[in-house]
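Here's a quick briefing to read with the model open beside you. Have a look at the picture, then work through the notes below.

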Amino acid sequence: MNVRAKLQKTALVVSGYLLGLMITATTITWANVDTISSALGQPNSMRIDKENTDVKAEDLEYFKSDFKNLKEVVYNGFQVQEEEQKEGTVLLKNDNNALPLAKGSKVNVFGVTGASPFYGASGSGGINTKEAIGWYDAFRGYNHSDKTQPNASIKGDALLNINEKLASDYTTWANDSNYKPSSGASNVKIGDVPWDTVKTGTGYTDVAAYGDAAIYIIKRTGGEGYDLPATSGSNAQYGNQNNAVISTNDGTNGDYLQLSPTEKSVLSGLQELKKEGTIKKVILILNMASPIQLDFLKDDTYGVDACVWTGSVGEVGTVAVAKLLTGEYNFSGGAAQTLWTDNLMNPVNSNFMDQNYYFTYEDSDNPEYGFINPALTEQYQSTFTTYIVYQEGMYLGYKYTETRYEDYVLGTKNTGNFNYDDVVAYPFGYGSSYTTFDFSDMKVEHKNKSYDVTVKVTNTGKVAGKTPIQIYVAKPYTDYAKEHDMQIPSVELIDFGKTSELQPGASEEVTINVNEKYFSSFDTFGAGTYITMEGTYYLIAAQNAHEAVNNLLAKKGKTPENTNGKMDAEGDKALVNALDYRFDAQTWSLSTKTNNPITRSFDFVDINTYEGRGDNHVDYYSREDWEGTVALPERSSDGTLIKHNAQLTVTKEMADSMHDQMDAGKMIKEGGTYPTYGADNGLVLLDLQGKSFEDPLWDKLLDQMTWDETVDLLSNGRHKTQAIESITKPATGDENGPNGFNHTYGYASAGSKYSGPTNPFAERAGGFAEDGKTYIPDPDIESGYTSTGFSSNGVLAATFNREIAAKVGKQIGEEGIWGGKSGLLGLGMNILRSQYAGRTAEYYSEDANLTGLICVPEIQEIEKRGVHCFIKHCALNESETARHGVGTWVNEQALRENYLRAFEIGIEDGGAYNVMTSFNRLGTIATATSADFTAKFLRSECGLPGIVETDCAGDMTDGAHGEAYVSRIVNVVNRATDLNEYNYGADSPDYNGSEYTFKSFAPTSAGGNGKYGNVGQAMREASKYILYSTLTTNAMSSLSSDSRIIRITPAWQKAVIAVDSIVSVAFAATIVWIVVTWILDYRKKAKKAN
Amino acid sequence: MEKIVNFFKDKSYGFYVTIISIIFTIITFSVYVRSYSKFDAYISWVGFYFMVVGAVLALITIILKRYSWAPIILAATNFIGLLYFILKIYNYVTVVLVGIDLTSVSATFITCTVLFAINVVLSTANVFFKQSHPVELGAKENN
């Protein structure tokens, strides 16, 4: 081969390969164009303002900030988060006043968590931790106290003198894979250092010198995408395709939520040190959102003197806890979830722990069902084959423990032997303090559909403090309820308040306005709506749920003495107010928000009422027969679990339902008239400001949108909404998450500087230029400042303080303004159904009322700043295992009262504008595609004004399991979902394997067959909700009626096009070169031959 | 026996690389299809078919004694197979990078990636290798 031929071959290979790679790269990047643009901070739209306008920039700020510059925002975030942690940390145990420690006490801090705190969860609940203050530094006195440089960690007076050598040992161990805790979908490890190893460390020799106390800090983590294991062994809980053994962990019996053998060794070691007098006391800090079982505290196994629950501590929560430990602050938090003595005593866990509930099949082959029985194959098929039944019905958390306790005390038949202490370590609402409080002089005044409940609270201790006041309702469990399968818990939290800081001996009358609506119960099988029953209702003031029941029992004349000791403490009947009611099926049958009727709507979510149930039936827990209906999980001798979960068999109807709902070809019928596209009506979105959703001007505006713009808007919603040129709709930035924003400030995040900013604050922070029209950039905007990392939401709930919630909400809202975000993908308003849930740090409480009510001021303050909340994941997204499409079954009363209630309050009272729906199915119907759920509950009952979004559709398109269970097209056409939170580029197929795009249903003008006007109308309605929502966000700031939005090609795309062109030319040139030389050679040979 | 000896007598080292490359191609697409056939999101059947066709055509060219075409066909089809592999598997890589549903890459992914990489490198390098000795080549071969 001659040199030229070699060169040609090389050129062909190189240019050909480059061309192939560029085609591939271009295909991939074009399919993810918006994701890449967002990541690079290169927006695809740009604002053009009219020159010489008289409009001042300041006048175009439709949502004002309370802060002058970014440093103020950042500084305030640290202060608010510390306050949140201060009031939400719960003192569980404090024997012999072990706490507070004297300031400057010499202490040993044990546990790798001391060097590696649990600041926040993983996944969508992740928070910024760059400026977080760790446990050691908090004890050393560090904080973010300098307003002029808020990120600087400033050393103040040491709160505690820690054994530095021991801290150094643990810092090393915390990075040692043998001891380092880990978490994640396939790698859960508690970690920590065995006591024998601790004793070999250099710091151990100084333990006696720091013997004022031993502080042992332990943690449990969690996050999106996985639940916490309760046992080791083979299971499919993490969605691995082969159901392989992957949950082996170092917990006792593989249980992540018990003390591990290593932790037990440390506590035993500390107990010995205390016995021998080397240390004076042992203080345990539970740095976890998912509490471990507390049998060892209840039994005093290790002589722990004091125990504090902190949740995940956010950026500076450690500082608050340090101040609490040393008495600078006083505890005032109350647990927002039941703390169990033994997690196996929580009956929910029969239908939760290590969830691996596959449908059984009527016939093992069942080819007509269209999916494979996973028991027969290695294939993982969670989206079609897993389910979970909320068999506990109404009896979730304290509603179970307190109700069964009351029935036990009252001697109700079929209650069984119920030893409360064996079940509950600390009841819902419980929290101790350095002082004590007395509740008295309860007064109840009926107002219009509400009660003013006034309680006099007196500080009877020796130090100042504040306390929550919890108001419970006890409804009558009447014959009517029994006849209609209604379950009525003993007590239910319906509101709460909190005192101001009371000095010793001081009193305060706290008045709490209680919504009478929460007296009603949903009567599925009778009136088919909310009712109050004939009988006596009680309003109860208490410091926790158990005290509420004891107060109720006292009102009923019960004492420990006359109940043979079954009642475990005296109650205070003076804190109970009896109210007589008549049967009423009218008052609460209409939505208090929309006045639309509330009717029985969710038969399809209850397997007992679902039409295609076949022979399936579930016995929900019943007060009538505790022994017969409650089946607690058990642990076998080898440590594995025996769960008596509800068993379901898949029916043909269920299988068809699951398949059909994702088949656009089957679900979408021809018919209807398309709306107008591309009209020239001269309107911009801003012209609709202040107009109602029904205003006819909306139609004129929507007529201006082209088909392609509509498709683009509905197809690209990952953490944003698209800009639309024809109506001058700005792009919006929507960001995680459930615990507040998680962003770094900068121009890029705001999309400003180069384009129309989603919000002007990102670049105005330096103030205005002399002309009053242009901004002077804040020099700090690109200095790496980050949004606040808040504590786990259970901490906020535990504050029982609406003012704190409002402060947190205000901070999040401000961070949205300054970060150029107009949507928060949160708050996390699902229910802490089981402590094994992965997303525990994102959720507030086991109680829907507490969740909803504490969120109201938080949502209000966020919304006030033009940041719309996408409260999520609505609804029944209480587990992560097989979350993609797991069929979730629950009866309607429990669905409404225990789960939907939180969202209902968030929308109706909080004013949450948007909702993100759940990953799971409601029965067989994926929430994202459930027309009934959106139309009846979210729109008709709650009056949701804005966007219904789902992040399940995209996730399944290209997700880990690669198995779709919804169609984004059907979601929209069903009017169940307005925005699929994913980027589908120009209009890529519904999901891998689907042939459908929006274009499949397009009008002829857009290249379709023009037969699906109904699809066009549904797309228009979805667009309208997105526009209506956008109009009331801070994304509109900086836009005047003269402004225009134009779409631009981001710089990176231009670069890719340029490279594509060069490579194509090189390849073409190579081909030409080869062909030309071949022809010339051929001619030469031919000539020679001739 | 003599036929066999004669057959290999004029073959250069490139020919043997071609044989190895064909075998490697078969191994690669077999492992690929076994690993991902149940995952529509991650498998490219187009890429798979390209590799199958490439291996078959390479064998045919050898049978037809068009030895120099075999490495070109293999290089082209294996490279196209790799591109289609990338086109699909990036979805999986994205999931891992997001770190929620998956936190680390699987052995399956690593195996397939390594196989595809070796396959393409091998078949590409082979394009530049001599397949047979020109002296003993018939009129059909001039590599």
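Leaving aside neighbours within four places in sequence, which residues is A:Ile215 in contact with? They are A:Val107, A:Val109, A:Phe110, A:Ile283 and A:Ile285, where a contact means C-beta atoms, placed from the backbone, within 7 Å of each other.

Before going on, note that this is a predicted model: local features need pLDDT of at least 70, side-chain atom pairs count only at pLDDT 80 or more, and totals for chains, interfaces and linings use all residues. Residues are numbered from 1 along each chain as its sequence is written, with chains lettered from A and ligands numbered from 1 in the order in which they are written.

**Cores and domains**
- A:Ile215 also turns up in the largest nonpolar core, which has 278 residues; such a core is a set of buried Ala, Val, Leu, Ile, Met, Phe, Trp, Tyr and Cys residues joined through C-beta atoms within 7 Å.
- Among the members that touch the most others there are A:Val109, A:Tyr216 and A:Ile471.
- This core lies between domain 2 (90–330) and domain 3 (398–519 + 535–581) of chain A, because both give residues to it; the domain bounds come from an automatic or database assignment.
- Apart from that core lies another, of 35 residues, including B:Ile22, B:Phe48, B:Ile80 and B:Leu115.

**A:Gly571**
- You'll find A:Gly571 in the loop between helix H14 (545–555) and strand S22 (576–581) of chain A; helices (H or I, at least four residues) and strands (E, at least two) are DSSP runs, numbered from the N terminus.
- A:Gly571 counts as buried because it has 24 C-beta neighbours inside 10 Å; the cut-offs are 20 or more other C-beta atoms within 10 Å for buried, 12 or fewer for exposed, and partly exposed in between, with C-beta atoms placed from the backbone.
- Beyond four places in sequence, A:Gly571 touches residues including A:Asn550 and A:Leu553.

**Chain B**
- Chain B has five helices and zero strands.
- Its C-alpha atoms fill a box of roughly 60 × 25 × 20 Å along the principal axes.
- Buried residues make up 41% of the 143 residues in chain B.

**Confidence**
- Chain B has a mean pLDDT of 85, pLDDT being the predictor's confidence in each residue, from 0 to 100.
- Over residues 136–143 of chain B, pLDDT stays under 50.
- For the complex, the predictor gives an ipTM of 0.90 and a pTM of 0.92.

Technical notes. Two residues are in contact if their C-beta atoms, placed from the backbone, lie within 7 Å.
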